[in-house]
Every structure is written in C-alpha cells, then in structure tokens.
Amino acid sequence: MAAGQPGDLGGYYFRFLPQKTFQSLSSRESTARLRQWSMLGRIQAQAFGFDETFRAYRKDEFVMAFFKDPNVIPNLKLLSDSSGQWITLGTEVKKIKAMNVPCTQLSMSFFDRLYDEDIVRDNGHIVKCLDSFCDPFLVSDELRKVLLMEDSEKYEIFSQPDRDEFLFCLFKHLCLGGALCQYEDVLNPYLETTKLIYKDLLSSVDLVPCLDETTDAILLKPLGWILCISVVGCE
C-alpha cells in the first residue's frame with residue numbers, strides 16, 4: 001500500500017503516531033503509583049490516525065481494517081501472556097470481536113456513592129473487612145468487595161450499565177492492580193489517576209452539548225466510540 005492511499009478493507013488508511021504521548025501514564029507521580037500497583041510496564045497507550053469518518057454500524061469492518069493495515073501490524077504492541085513482555089502484532093488478524101464501551105460519564109462525582117454507602121470514610125480512608133478471596137484477588141476491604149463480589153450487600157450500588165462505563169472499568173482496573181499490587185488505604189490516589197488517564201485518552205474525542213434533563217444544565221459529552229476488542233485468531 002502506498003502512503004496516503006486508502007486500505008483494501010473499507011477504504012480506511014491508518015498511520016502510526018509515535019509522537020503522540022500520554023502524560024497520564026508517564027508522569028513521575030503516575031509511574032510511582034503504577035509501580036506500587038504492580039502495573040508499571042503492563043499498561044500502555046498508542047495512537048493511530050485514520051482518514052475516513054468512523055461510522056458505528058461499520059465498526060467491525062473498521063476494526064478488521066485496522067488489524068490488517070500494514071502501518072498497524074509492525075507497530076501495534078501487545079502484552080504476551082506467555083512471556084509477559086510487549087511484542088508487536090507482527091501478523092494479520094483473521095477474526096476479531098469488538099464490543100462498544102460507553103463513555104457517557106464525565107464527572108468523578110460518579111463515585112460519590114462510595115462515601116454515601118460507607119465504603120469509604122469521610123476522611124477518604126477505605127473501610128476494611130475480613131479477608132476473603134475472589135479468585136485470584138484477596139478481598140480485604142469494602143472497595144474491592146463492591147468491585148468484585150456480586151453477592152456482597154452493596155454490590156448493587158453500581159448498576160450493570162454503571163459497571164459497563166469506561167470510567168468504571170478504568171477505575172476498577174487500577175484498584176485491582178497487578179499480581180503484586182500494594183493496595184492503597186485511601187481512595188484519592190485511585191480517583192486522581194483514573195481521572196488523569198480518562199481525560200488523557202478522551203482528549204482527542206469531540207465533545208457535543210447535551211441537555212441534562214434533571215438539572216436543565218448544558219453538558220459537554222463525548223462524541224466518540226471506545227471499543228473493547230478481542231483478537232480471536234491470527235495467521
């Protein structure tokens with residue numbers, strides 16, 4: 001494929017943007033927190049541009065074109081399950097599964113219910129509980145209990161649509177951390193890091209004015225799509 005010409009699949013042409021950086025993942029404070037949560041080197045963001053209008057009804061075609069693009073194959077990084085190292089895609093993908101992830105939440109007040117339901121104290125400290133396991137996680141506080149344990153008393157303070165939100169998924173991912181995670185005793189580091197990464201990843205998404213029917217306020221909401229993609233097979 002010559003540079004600047006559309007790809008064979010759906011007319012999309014992708015270009016790698018290595019100059020685009022994500023400060024939320026590379027700042028000194030963020031890297032210190034990610035190291036504590038056993039996530040440093042295990043979470044990464046890359047940017048690619050494309051030359052056509054994205055249309056939701058063609059998302060599967062769009063994603064397949066992305067994974068087949070010759071500018072993507074040698075540059076897209078994946079974390080290897082076997083080695084734990086970052087590797088490039090290196091080959092065309094034969095089958096994918098793409099699911100929409102809603103990103104309608106724009107305020108961290110979304111998590112105020114953690115205070116309202118006594119999962120976090122007024123001073124920001126996370127309430128502890130008796131140790132239990134929700135494989136593979138040790139659950140030793142009320143925060144992880146509400147994130148993981150469906151039979152817990154307060155699990156339903158977040159509905160399933162709430163849990164599907166990208167903001168919630170990112171928050172949960174940071175709270176649970178990696179295999180050697182050193183958990184926080186207070187909530188604020190999780191909230192701050194979630195906000196920074198969320199804002200950073202959505203910074204290039206167009207915002208459109210929407211009416212909040214509850215308060216009659218005009219809000220800016222993202223006009224964009226986040227997709228959760230599972231690679232089913234490669235050549």
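Serine 30 and serine 27 are joined through their side chains by a polar contact of 3.0 Å, a term that covers a pair of N or O atoms within 3.5 Å, where within protein one must be able to donate a hydrogen and the other to accept it, and where residues adjacent in sequence count only if both atoms are side-chain atoms. The side chain of serine 30 also places a polar atom 2.8 Å from the backbone oxygen of serine 24. Serine 30 sits in helix α2 (residues 28-36); helices here are DSSP runs (H or I, at least four residues), numbered from the N terminus. With a relative accessible area of 2%, serine 30 is buried, where buried means under 20%, exposed over 50% and partly exposed in between (1.4 Å probe, protein chains only).

The model is predicted, so local features need pLDDT of at least 70 and side-chain atom pairs count only at pLDDT 80 or more, while totals for chains, interfaces and linings use all residues. Residues are numbered from 1 along each chain as its sequence is written, and side-chain values use heavy atoms, leaving out hydrogens and water.

Two further helices are worth a look. Helix α7 (residues 166-176) is largely enclosed by the rest of the structure, because eight of its 11 residues are buried; among them are Phe166, Phe168, Phe171 and Cys175. Just after α7, glycine 177 adopts a positive phi of about 65°. Helix α3 (residues 59-68) is likewise largely enclosed, with seven of its 10 residues buried, including Lys59, Phe62, Met64 and Phe67.

Turning to charges, the whole structure holds nine salt bridges, each defined as a side-chain nitrogen of Lys or Arg within 4 Å of a carboxyl oxygen of Asp or Glu. In one of these, lysine 59 pairs with aspartate 60, with the closest N and O atoms 3.3 Å apart. Lysine 59 is buried at 17% relative accessible area, whereas aspartate 60 is partly exposed at 44%. Aspartate 141 and arginine 144 form another salt bridge, their closest N and O atoms being 2.7 Å apart; aspartate 141 is buried at 1% and arginine 144 is buried at 0%. A salt bridge of 2.9 Å, N to O, connects aspartate 162 with arginine 113. Because aspartate 162 belongs to helix α6 and arginine 113 to helix α4 (residues 113-116), this pair ties together parts that are 49 residues apart in sequence. Finally, Glu29, Arg33 and Glu192 are linked in a salt-bridge network.

Terms used. Helices (H or I, at least four residues) and strands (E, at least two) are DSSP runs, numbered from the N terminus.
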